[in-house]
Amino acid sequence: MGRVLGAAFTIHEGINSVNTHSYGPESRGGSCRSEVVVSKGEIYYPNVRKADILVALSQPALDTYKRDLKEEGIVLIDPNSVKDVPKSLVCYGVPAMEIAHSVGNVKYLNSVVLGALAALLKSMIKKESLKSAVSENVPPKTIEKNLEAFEKGWTHIMNANMAVAEYEKEN
Amino acid sequence: MIEIVINSDYCKGCSICVAFCPRKVLQTSNHINSKGFMLPEVVNLDACTQCMLCEIVCPDLAIAVTGK
Amino acid sequence: MVEAAVKEKKYPGNFRRPYIKAGRHYLEGSEACVEGALVAGLKVYAGYPITPASEIMEHASRRLPQFGGRFIQMEDEISAACALIGASWAGAKAMTATSSPGFSLMQEAISFSIMTETPLLIVDVQRPGPGQGYITTSQEDVMQARYGHHGEGPIIALAPSSVQDMFELTIEAFNLSEKWRTPVLLMVEETVAHLREQLIVPELDTIELIKRKKPQDLNISPETYLPYGHDIVPPMANFGEGYNINHVGLVHSEDGNVSNYSLKVHRENIDRLHQKIEGNVNEIARIESQFLDDCDHVLICYGSVARTGLEAVKEVREVHGIKIGFIRLVTLWPFPEEKLRSLISKVKNVFVPEMNLGMIKHPITEALRDKCDRVISIPEIGALHSPEKLIDQIIKGSTC
Amino acid sequence: MLKHPMLKYIREEGPAGKRLPFILCPGCGAGQVLNYTLHAVDEIINQPGVKKEDFVFISGIGCSSRLTSHYLNFDSGWTLHGRALPVATGVLLANPKLKVIVFTGDGDAAAIGGNHFIHAFRRNINITVICVNNGLYGMTGGQVAPTTQPFTITPTTPYGNVEEAFDLCKLATVAGASYVSRWTTAHPFQTIKAIKKGIANKGASFIEILSQCPVHEHKTPVEMINALKGMTVSIDKSMNSNKIPVGEFHFAPRPEWTERYEAIIEKCNERIS
């Protein structure tokens with residue numbers, strides 16, 4: 001997921017990005033993590049120190065890695081598996097697993113989340129850039145399904161945003 | 001004419017050629033080379049059938065027989 | 001120049017070789033390393049899986065047959081390194097990648113290939129030790145690279161710090177090994193091997209490729225050919241070309257004779273091997289530097305530490321007003337003592353951040369013995385220094 | 001002067017001086033094995049279409065490995081102890097057209113190089129392994145080897161060897177060699193024939209040659225060769241015998257490593273074009 005996000009920024013937007021991933025026993029069956037640093041300038045230190053956005057797809061992942069999130073950072077979760085989110089965080093939910101299954105199977109989960117991320121990052125990166133990066137990084141036979149998953153993730157967040165906006169307008 | 005030549009620089013006097021020769025053409029001699037090895041000598045050239053066995057078994061490529 | 005290599009068909013079949021395209025890519029360090037090697041003309045990869053170097057091996061196994069090259073997974077690191085030696089003798093550019101414990105197993109083969117003057121490339125994706133240590137990042141093999149193998153054997157070792165470097169220095173490593181007829185080590189850290197970032201590939205025919213000097217090129221006949229003679233870097237005949245080359249690892253004279261041993265023959269043999277590399281250190285070694293004009297202090301680093309190093313130096317200069325220069329050793333071995341000395345006139349402190357407890361600090365201290373007040377090691381184990389840590393240490397060190 | 005015919009394949013001297021006589025002790029079986037091998041190679045080179053420069057000799061370390069040190073007028077590599085097979089594998093990866101012959105000893109092949117031994121045969125890569133088995137470590141002083149018989153007294157088993165010996169031919173066969181035979185230095189013509197067959201076999205061939213070490217066994221070469229003859233029996237008469245069987249144990253050609261890999265290269269080629 002980090003690789004696709006990084007490629008979208010670097011290849012399609014010409015913005016520097018560096019992607020690192022956790023490497024160890026945890027990447028083979030436990031919780032694993034992938035980090036992306038994006039900058040218009042040079043990126044020297046490759047790791048994330050204080051993240052603006054954290055995508056946490058399991059409760060242990062959020063519990064472990066929330067320490068690296070800015071105090072008022074944004075967290076994107078799958079509400080079906082992550083129940084306990086600290087109040088201080090700005091939280092968005094996308095039922096990624098559920099949507100992935102509706103598209104086909106669990107393999108499309110990453111594309112759902114990328115679609116959701118695209119909605120959250122829409123001021124920074126064009127939706128089309130991310131869609132192109134998804135198409136280039138998945139097996140050719142699955143492009144259509146992946147893009148469908150991407151769109152569903154995108155729509156989910158956009159609808160949620162609209163709901164929030166309406167709610168705020170009403171109150 | 002058959003010729004059997006023993007290279008005294010290369011020979012280490014192991015006598016394997018003497019043992020392998022089916023016609024007793026060769027025999028260990030009293031000639032000692034510069035390294036102190038006792039060389040074989042040809043004692044019965046007429047009996048040689050050019051079977052080349054002495055040439056084939058020599059560990060030091062030190063003996064040569066005229067080819068057929 | 002790549003075109004020339006393509007034209008020189010060593011294998012049957014007309015391959016439309018799918019070289020990496022010129023332009024912008026988003027690749028992992030491991031992938032960039034293999035792509036660079038393929039551009040350099042890699043033909044044989046023999047390896048053994050080990051974390052965190054397996055990605056290089058996996059990528060090579062996918063890509064090599066597309067170029068008519070051969071990939072083999074050997075039974076251990078020892079045999080992997082030895083297979084490279086055989087492949088190189090038969091004329092192929094050969095490489096392997098391993099990590100620290102496997103690198104230890106390859107030391108005998110490295111020593112042997114120094115003695116037999118066999119060009120090959122070994123990539124060491126370093127992990128912390130001793131023992132199994134851990135599988136995170138490290139620079140703990142930089143001394144093993146030079147002194148790990150038995151005997152007086154000079155080595156060439158390079159330290160990449162970015163994905164771009166992984167591509168470019170792999171090509172440079174092959175060029176150096178072919179030019180100087182010697183094994184070359186690429187001392188990578190896990191940080192760089194698993195980093196994904198931008199890689200800009202130049203037009204392939206602008207990349208300079210060096211091939212080993214052969215006796216045929218110098219009109220030397222098989223009868224007069226000396227496998228270890230003619231020049232300080234002897235021309236190397238490949239197997240199968242009728243030059244009847246005898247590769248020997250015992251002390252030998254120029255014609256490869258091992259039975260006329262004398263102290264003189266021994267000394268000449270070792271002196272030439274040493275001179276070939278150490279005597280040409282200024283041509284072989286590269287150093288990058290910034291902000292050296294007005295500096296009171298200097299930070300010297302290599303590999304991925306150069307990333308944080310440069311960030312820290314910039315911030316310390318801009319925010320804290322401390323005049324500190326930046327030096328990155330692209331080449332670790334042969335150690336570029338003369339070049340390093342020529343860059344620095346006189347400074348107070350030399351900071352040496354390393355992902356070990358201070359290894360390259362020693363040759364730096366030796367090189368700058370009269371050019372600085374003190375050398376301060378900034379060690380880190382198992383992780384890349386954060387810029388904050390470096391900034392903090394630099395401020396502390398330069399104000400007391 | 002009349003010279004031994006095989007000296008045409010030997011560098012008797014070079015610019016830095018003489019290389020012969022061989023460094024081997026008087027009556028060493030390794031020298032005989034070299035002689036047999038050169039006879040076999042000579043017969044193959046005299047066949048039409050075979051070039052001398054296609055032959056490559058690789059060896060490890062030990063008495064038998066000294067054969068390829070600097071004596072041969074062929075391409076050769078004298079490599080690390082036990083590592084001849086991986087180096088030979090590398091040679092074939094770079095140029096599968098070459099005919100690679102490996103000289104090795106019992107310690108080199110079965111002890112330090114034991115792992116490479118089984119894997120080279122499993123891969124069935126196109127090498128001919130000629131193993132000079134004298135049952136001990138000659139170069140280092142006659143110590144016990146993995147092929148030494150139990151109860152034998154050697155410098156490192158002063159109270160007798162407590163271990164059983166390897167049967168290298170069985171080991172090579174189960175590991176996957178496509179041609180396996182065993183002879184002794186007392187069987188010159190059979191050995192030459194076996195080596196020729198081994199080189200002709202496209203795949204991994206193993207030829208074990210039981211050999212004498214007169215120095216460490218404290219016997220004359222001739223006594224030892226006679227003993228080798230006496231202690232062995234042809235494989236078809238070996239059923240009810242305690243003697244060591246000699247002959248051709250296994251011949252079953254199967255796809256060779258580089259041939260199989262060639263198919264992968266072809267497939268990649270098709271997919272690209």
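Of the 3 pairs of chains in contact, chains C and D share the most contacts. Contact here means that two residues have C-beta atoms, placed from the backbone, within 7 Å. Keep in mind that this is a predicted model: local features need pLDDT of at least 70, side-chain atom pairs count only at pLDDT 80 or more, and totals for chains, interfaces and linings use all residues. On labels, residues are numbered from 1 along each chain as its sequence is written, while chains are lettered from A and ligands numbered from 1 in the order in which they are written.

Now the pairs that do not touch. No contact joins chain A and chain B; their closest C-alpha atoms lie 58 Å apart. Chain B does not touch chain C either, and there the nearest C-alpha atoms are 15 Å apart.

Chain B does meet chain D. There, 23 residues of chain B are in contact with 22 residues of chain D. On the chain B side, α1 (16-20), α2 (53-57) and β4 (63-65) each supply at least two residues. Helices and strands are DSSP runs, numbered from the N terminus: H or I of at least four residues for helices, E of at least two for strands. α2(B) gives the most to that side, with 4 residues. By class, the side has 15 nonpolar, 3 polar and 5 charged residues. Nonpolar is Ala, Val, Leu, Ile, Met, Phe, Trp, Tyr, Cys and Pro; charged is Asp, Glu, Lys and Arg; the others, Gly among them, are polar.

Next, inside chain C. Chain C is divided into domain 1 (2-206) and domain 2 (288-399), with bounds from an automatic or database domain assignment. The C-alpha centres of these two domains lie 28 Å apart. 23 residues of domain 1 are in contact with 21 residues of domain 2. On the domain 1 side, α7(C) gives the most, with 4 residues. That side has 14 nonpolar, 6 polar and 3 charged residues.

Last, a helix pair. How do α4(C) and α6(C) cross? The axes of α4 (residues 77-89) and α6 (residues 107-115) of chain C come within 8 Å and cross at roughly 15°. Axes are lines fitted to C-alpha atoms, for helices over the stretch in contact, and angles run from 0 to 180 degrees between N-to-C directions. That makes α4(C) roughly parallel to α6(C), a term for angles under 35 degrees. I78(C), A81(C), C82(C) and I85(C) of α4(C) meet A109(C), I110(C), F112(C) and S113(C) of α6(C). By class, this contact has 7 nonpolar, 1 polar and no charged residues.

Notes: Angles under 35 degrees count as roughly parallel, over 145 as roughly antiparallel, 65 to 115 as roughly perpendicular and the rest as oblique.
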